[in-house]
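Let's take a walk through this complex together, with the structure open beside the text.

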Amino acid sequence: MSSAAAVIIAILMLAAALAAATLQKLMHATLSFAAALVGVAAFFFLFSAEFVGLVLVFVYIGAVAVLIVFTILLTRRDVGNDRGVNWGGAFLAVAVFGGLTLAILKTQSVTIVAPHIRTLTVKRIGEALMTSYVWPLLCVGLLLTAALIGALVLVMEEKR
Amino acid sequence: MINQSIDGFLHPNVSKSVDQIFVNGKQWLLSLLSSLTGAPVWVIQVASSLINILALLAVFLTLFALMSVLERKILGRIQNRYGPNRVGPFGLLQPLADGIKMLIKEDIVPARADKLVHFLAPILIAAAAILALGIIPYGRNMTPFAIDGGILFFFAVGSTTELAVFMAGWGSNNKFSMLGAMRAIAQMISYELPLIITVLPVVMVVGSLMPDRIVAAQAGYTFGFVPRWFVFTPWGATAFILFFVSGLVESNRTPFDVPEGESEIVAGHMTEYSGFKYATFFMAEYIGMFAITGLAATLFLGGWHSPLSALEFIPSYVWFFAKLSALLFVYIWLRGTLPRTRIDQIMNFAWKFILPMSFTCFIAAAVWHYAGRGLRGWLWSFVVIAIIYTALSMLLDTRRKFAPRVYRFAE
């Protein structure tokens, strides 16, 4: 039953992703992109990683998708009237896909001995973030703060 | 057995059976289903979820109908007039009449609108609002869907509302709709931040994202009569007020109803909607309001706990809905009292006052925790909040800037 659900979610997600890449209107593409992200979140829920799924919905749909929508609105209207095939992008996508496939195929057969995976609770994620991953976390925080201040400096009007 | 003769109602067993009447009723229904049909376990699980969903919808749609008429009546009283009093006794059948009117109205879709997006927006916004109701504990053992990251679920679902509002504004292909949607998203994003940061101290103190645990942590009484609700600590009281104001903005209610200000932009993102789609937007707005007040009651007002130990014989769900109604009354009261603010005032308030204060709550909660959670912690966290509040109010004081008004964008 779980694998059937996985297949259905995968089909819906891939359909939404394809729509996001091919639809004519940018706004429709953004909305399909959000739908594809819901699919990814559904995957996390299916494999009982609730927290990651919820954070994905929260950050990517609540913030990133809305940000993209804002960007589209604040830029010029006539952008994207003729969206021909972007050969460079297509080449890049194929290269990434090929590289990943190659890497997966070359990997030694992944012998999962089914270790006793403890259920991923919020508490365990918090402990990991505050002990072994505290430096990466602080670095990301610093980077984001720098980006935020940079954005503010860019839009600040000079009062002279 | 000894106390039975004093008062039948005070007897723990009687009170408990009244308290758990809905839970036991559901169990009885499920056992009836399994014994009658011999259905497998997963069918019973699905049936249990369906019963939860139906109960949730029935209760909150009734509350919505009641609220829509009570709001008009209370607003009428505030403005020294009667409010609806023609349909049924005391005008209580007014929502029924409104519903029928909305159903038989013509559904107009603008010719230049994006049909699909225009159609999907009300569905998405109502779905998000109703989903958020699922994690709130309505009584002892009465959480419809108790999940580990309940609080996170609430905000994750709530954040999709922004996209739905945006779809409504863009899909209508109308300038007023677009402007309304832009205003709505701007203020919703600005106030989502303090809304979440004011929840953090509670989560930190309890050590769990699960609403049931948060309610359980507020059980008991200090000195035997003051309930251990978080609103009675300095950081809790501050966080509660900030949360309430942010919730007011999130649900686009009156002092902050800029996105749908009738005198400026018709009805904001709902301008091009008519008939039942408009009613769906209206319903989603009210259900979102119930959800956010329900969460406020859960986080700060002790959820379904009673305020006095002597009153514990009253069932838990009665207490929850009493607190919910009290908060909703404040919403209506504010709507009848305050004028509409400007968008720049809303934004300044969010970023210059509410955000620093919510961070202060966070620090004050930490101080309270490390000073031993007693009277000493109470005093120290009060001192922290008082210092920051005074500093902020001195910094943001604009009284000395009184001067002739300067227009920047209009001559």
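## Domains of the two chains

In chain B, the centres of domain 1 and domain 2, taken over C-alpha atoms, are separated by 34 Å. The domain assignment places domain 1 of chain B at residues 3-37 and domain 2 at residues 105-401. Keep in mind as you look around that this is a predicted model.

Chain A also has two assigned domains, domain 1 (1-77) and domain 2 (121-160). Their centres, again taken over C-alpha atoms, lie 24 Å apart.

## How confident is the predictor?

For the complex, the predictor reports an ipTM of 0.72 and a pTM of 0.82. Chain B has a mean pLDDT of 83, with 94% of its residues at 70 or more. One stretch to treat with care is residues 1-11 of chain B, where pLDDT stays under 50. For that stretch the model has eight contacts beyond four places in sequence.

Chain A has a mean pLDDT of 81, and 83% of its residues reach 70 or more. Within chain A, confidence is highest in helix 6 (residues 134-155), at a mean of 90. It is lowest in helix 5 (residues 122-130), at a mean of 79.

Chain A is made of six helices and zero strands, so from the N terminus on its elements read α-α-α-α-α-α. Buried residues account for 14% of the 160 residues in chain A. Of the contacts in chain A with a separation of 6 or more, 52% join residues 24 or more positions apart.

Where do the chains meet? In all, 15 residues of chain A are in contact with 18 residues of chain B. On the side of chain A that touches chain B, helix 2 (26-46) and helix 3 (50-74) each supply at least two residues. Helix 3 of chain A gives the most to that side, with 10 residues.

## The overall build of chain B

Chain B contains 14 helices and two strands. Its radius of gyration is 23 Å, close to the 22 Å that the globule rule gives for 411 residues, so chain B is as compact as a globular protein of that length. Along the principal axes, the C-alpha atoms of chain B fill a box of roughly 80 × 60 × 45 Å.

Of the 411 residues in chain B, 37% count as buried. Among contacts in chain B with a separation of 6 or more, residues 24 or more positions apart account for 73%.

## The nonpolar core

Which residues have the most contacts inside the largest nonpolar core? The core has 109 residues, and the answer is Ile125(B), Ala129(B), Phe166(B), Met167(B), Ala181(B), Ile287(B) and Ala296(B). Helix 11 (residues 275-300) of chain B provides the largest share of this core, 14 residues.

Leaving aside residues up to four places away in sequence, Ile287(B) touches Phe60(B), Phe64(B), Ala129(B), Ile130(B) and Leu133(B).

## Helix 12 of chain B

Helix 12 of chain B (residues 316-337) has 22 residues, which at 1.5 Å a residue should span 32 Å. Its end C-alpha atoms are 32 Å apart, in agreement with that value.

The buried residues in helix 12 of chain B are Ser316(B), Trp319(B), Phe320(B), Lys323(B), Leu324(B), Leu328(B) and Tyr331(B). An α-helix has 3.6 residues a turn, so residues three or four places apart point the same way.

Ile44(B) sits in helix 3 (residues 41-78) of chain B. The C-alpha atoms of Ile44(B) and Leu33(B), 11 residues apart along the chain, are separated by 7.7 Å.

The loop between helix 3 and helix 4 (94-104) of chain B holds Asn80(B) and also Phe90(B). Most residues other than glycine have a negative phi. Asn80(B), however, has a positive phi near 60 degrees, and Phe90(B) has a positive phi near 55 degrees. Asn80(B) is exposed, with 6 other C-beta atoms within 10 Å. Phe90(B) also counts as exposed, with 12 C-beta neighbours inside 10 Å.

Terms used
Residues numbered from 1 in each chain as written. Chains lettered and ligands numbered in written order. Predicted model: local features only at pLDDT ≥ 70, side-chain atom pairs only at ≥ 80, totals over all residues. Helix = DSSP H or I, 4+ residues; strand = E, 2+ residues; numbered from the N terminus. Expected span 1.5 Å × (residues − 1). Buried ≥ 20, exposed ≤ 12 C-beta atoms within 10 Å, placed from the backbone. Domains from an automatic or database assignment. Core = buried A, V, L, I, M, F, W, Y, C linked by C-beta atoms within 7 Å. Contact = placed C-beta atoms within 7 Å. pLDDT = per-residue confidence, 0-100. Rg over C-alpha atoms; globule rule 2.2 N^0.38 Å.
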